[in-house]
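Visitor: I have a model open on my screen. Please show me how to read it, one feature at a time.

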Amino acid sequence: MEGPTPVSALLHSSTIVVAGVFLLIRLHPLIQDNQLILSACLCLGALTTLFTATCALTQNDIKKIVAFSTSSQLGLIIVTIGLNQPQLAFLHICTHAFFKAILFLCSGSIIHSLDNEQDIRKIGGLHKLLPFTASSLTVGSLALTGIPFLSGFFSKDAIIEAINTSNLNA
């Protein structure tokens, strides 16, 4: 779904896109004892994460890259639901909203400053033109990757720990 960048920041970070995942979290008491549904969540989430991250690597449009990374993060959240960890999934939704919103707002600032140019092949040297935006984009990207002491680290590290300590890893 495409729209103006502030609208994309709102939609992709915290509302429409995560509504289905939030519904799964709310329905978790009904599915927590059904291994078939949990296994389906685990497999579909892992495939979604892998596929959409690969799609993001092939894009040249800055907003599409951020949007595909949103889908990849939602796949990770579905994996967490498949691990029977709904509270952890909700934590990652909350942290995801913050770093995804900053990424969309920074991309909007870049697009606006460069006369509606969205192609990353034509964008360069932003640290000189937009130092605050470039710094904010760097912090948001580092939070997305889960660098220690940023918001993404605390939820992603807990998800990785849950994966490593689950009986799936035995």
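Visitor: How many aromatic pairs does the structure hold?

Guide: This is a predicted model, so keep that in mind throughout. A pair of aromatic rings is described by two things: the distance of the centres and the angle of the planes. The structure holds three aromatic pairs. In one of them, phenylalanine 22 and phenylalanine 90 sit 6.0 Å centre to centre, with 50° between the planes, and the pair is tilted.

Visitor: Which parts of the chain does that pair link?

Guide: Distant ones. Phenylalanine 22 belongs to helix H2 (residues 19-26), and phenylalanine 90 to helix H6 (residues 86-113). They are 68 residues apart.

Visitor: Are phenylalanine 22 and phenylalanine 90 buried or exposed?

Guide: Buried means under 20% relative accessible area, exposed means over 50%, and partly exposed is in between. Phenylalanine 22 has 38% relative accessibility, so it counts as partly exposed. Phenylalanine 90 has 36%, so it is partly exposed too.

Visitor: Why is the pair of phenylalanine 153 and phenylalanine 154 edge-to-face?

Guide: Look at the angle. Planes over 60 degrees apart count as edge-to-face. Here the planes are at 75°, so the pair is edge-to-face. The ring centres are 5.3 Å apart. Phenylalanine 153 is partly exposed at 21%, and phenylalanine 154 is partly exposed at 49%.

Visitor: Which residues form an aromatic cluster?

Guide: Phe149, Phe153 and Phe154 form one cluster. Phenylalanine 149 lies in the loop between H8 and H9. Its relative accessible area is 72%, so phenylalanine 149 is exposed. Check its backbone as well: phenylalanine 149 has a positive phi of about 75° although it is not a glycine.

Visitor: What else is found in the loop between H8 and H9?

Guide: Leucine 150 is found there. At 24% relative accessibility, leucine 150 counts as partly exposed. Leaving out residues up to four places away in sequence, leucine 150 touches Val139, Leu142 and Ala143.

Visitor: How do I check the length of a helix, say H8?

Guide: Compare the end-to-end reach with the span expected at 1.5 Å a residue. Helix H8 (residues 131-145) has 15 residues. From its first C-alpha to its last, H8 reaches 21 Å, close to the 21 Å expected. Now try H6. Its 28 residues should span 40 Å, and its end C-alpha atoms are 40 Å apart, which agrees.

Visitor: Which residues of H8 are buried, and what do they pack against?

Guide: The buried residues of H8 are Thr133, Ala134, Ser136, Gly140, Ala143 and Leu144. They pack against helix H5 (62-82), H6, helix H7 (126-129) and helix H9 (151-165). Just after H8, glycine 146 takes a positive phi of about 90°.

Visitor: What follows H6?

Guide: Aspartate 115 follows H6, and its phi is positive, near 55°. Asparagine 116, in the loop between H6 and H7, also has a positive phi, near 65°, and is a residue other than glycine. With a relative accessible area of 62%, asparagine 116 is exposed.

Visitor: How do the axes of H5 and H6 cross?

Guide: For two helices, read the distance of the axes, then the angle. The axes of H5 and H6 come within 10 Å and cross at roughly 180°. That makes H5 roughly antiparallel to H6. On the H5 side, the contact includes Ile62, Val66, Gln73, Leu76 and Ile77. On the H6 side, it includes Leu88, His92, Phe99, Leu103 and Ile111. The residues of the contact divide into 14 nonpolar, seven polar and two charged.

Visitor: Is histidine 92 buried or exposed?

Guide: Histidine 92 is in helix H6. At 0% relative accessibility, it counts as buried.

Visitor: Which residues does histidine 92 touch?

Guide: Not counting residues up to four places away in sequence, histidine 92 touches Gln73, Leu76, Ile77, Phe99, Ser155, Lys156 and Ile159.

Terms used: Residues numbered from 1 in each chain as written. Predicted model: local features only at pLDDT ≥ 70, side-chain atom pairs only at ≥ 80, totals over all residues. Heavy atoms only, no water. Phe/Tyr/Trp six-rings, centres within 6.5 Å; stacked < 30°, edge-to-face > 60°. Helix = DSSP H or I, 4+ residues; strand = E, 2+ residues; numbered from the N terminus. Buried < 20%, exposed > 50% of the residue type's maximum accessible area, 1.4 Å probe, protein only. Expected span 1.5 Å × (residues − 1). Contact = heavy atoms within 4.5 Å. Axes fitted to C-alpha atoms, helices over the stretch in contact; angles between N-to-C directions. Parallel < 35°, antiparallel > 145°, perpendicular 65-115°, else oblique. Nonpolar A, V, L, I, M, F, W, Y, C, P; charged D, E, K, R; others polar.
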